[in-house]
Amino acid sequence: GDPAALGYAVQAASDLVKTGIPIFGICLGHQILGQAFGGKTFKLKFGHRGGNQPVKDLETGRVEITSQNHGFAVDPQSLPADVSVNRINLNDQTVEGMRHKSRPIFCVQYHPEASPGPHDSTPLFAEFRDLVEKRIANENEIWERLIESLLKDPDPSTRELARTLAEARAQAFETVKSGGIELDLARERE
């Protein structure tokens with residue numbers, strides 16, 4: 001369907017873009033991010049269908065064989081200067097990938113998880129994992145400095161708050177760590 005009809009999703013994506021959290025958009029997510037960036041979408045004369053669509057990575061020059069099923073594309077002329085087109089479809093030169101120049105956000109129009117290449121698009125997941133790990137490390141550093149500062153406070157209730165925060169962060173980290181099995185498996189497959 002027409003991604004321009006999904007204003008609520010575009011607004012939600014736009015709000016997320018402003019947070020600076022890592023985002024990896026796939027297929028419709030690519031079209032929604034294109035609009036969240038301020039771009040427009042248009043209907044393709046011939047939709048992209050099948051598991052053999054060639055896509056060129058403009059950053060590396062490599063060609064990926066991709067799986068696609070969509071009838072709309074992002075208009076590259078409508079994108080702001082802080083978004084770069086980094087992949088194109090070799091059949092019709094339409095946008096297949098974008099990257100925000102100052103935020104940890106990128107997207108592709110196709111389905112890298114379908115693996116028609118079969119491993120052509122694997123680096124995309126590794127890149128996203130790296131962005132998430134960097135974000136987590138940065139947030140952990142901020143929390144550690146805050147807790148360290150609070151522990152030095154003369155007020156005993158502030159120090160108790162710092163200890164409670166430290167315990168909560170440790171529990172949250174263990175929860176995230178136990179859920180990170182898929183990320184570790186993805187790293188092993190590289």
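Asp57 touches Arg62, Glu64, Asn86 and Arg87, residues up to four places away in sequence not being counted; contact here means heavy atoms within 4.5 Å. The model is a predicted one, in which local features need pLDDT of at least 70 and side-chain atom pairs count only at pLDDT 80 or more, while totals for chains, interfaces and linings use all residues. Residues are numbered from 1 along each chain as its sequence is written, and side-chain values use heavy atoms, with hydrogens and water left out.

Asp57 belongs to strand β2 (residues 41–57); helices (H or I, at least four residues) and strands (E, at least two) are DSSP runs numbered from the N terminus. With a relative accessible area of 6%, Asp57 is buried, where buried means under 20% relative accessible area, exposed over 50% and partly exposed in between (1.4 Å probe, protein chains only). A polar atom of the Asp57 side chain lies 2.8 Å from the backbone nitrogen of Glu59.

Turning to helix packing, two packed helices are described by the angle between their axes and the distance between the axes. Helix α1 (residues 7–19) and helix α2 (residues 28–36) have axes that come within 8 Å and cross at roughly 70°; axes are lines fitted to C-alpha atoms, for helices over the stretch in contact, and angles run from 0 to 180 degrees between N-to-C directions. The two helices, α1 and α2, are therefore roughly perpendicular to each other (65 to 115 degrees; under 35 is roughly parallel, over 145 roughly antiparallel and the rest oblique). On the α1 side, the contact is made by Ala9, Val10, Ala13, Ser14 and Val17, and on the α2 side by Ile32, Leu33, Gln35 and Ala36. These residues divide into 7 nonpolar, 2 polar and no charged; Ala, Val, Leu, Ile, Met, Phe, Trp, Tyr, Cys and Pro count as nonpolar, Asp, Glu, Lys and Arg as charged, and the others, Gly among them, as polar.

Cys27 sits in the loop between β1 (23–26) and α2, and its phi is near 55°, a positive value in a residue other than glycine. At 10% relative accessibility, Cys27 counts as buried. Gln93, in the loop between β4 (83–89) and β5 (95–100), also has a positive phi, near 65°. Most residues other than glycine have a negative phi.

Finally, Phe125 is found in helix α3 (residues 122–151) and counts as partly exposed at 30% relative accessibility. Beyond its neighbours within four places in sequence, Phe125 is in contact with Phe24, Ile26, Pro112 and Glu113. Phe125 and Pro112 are 13 residues apart in sequence and 8.6 Å apart in space, C-alpha to C-alpha.

Notes: A polar contact is a pair of N or O atoms within 3.5 Å; within protein, one must be able to donate a hydrogen and the other to accept it, and residues adjacent in sequence count only if both atoms are side-chain atoms.
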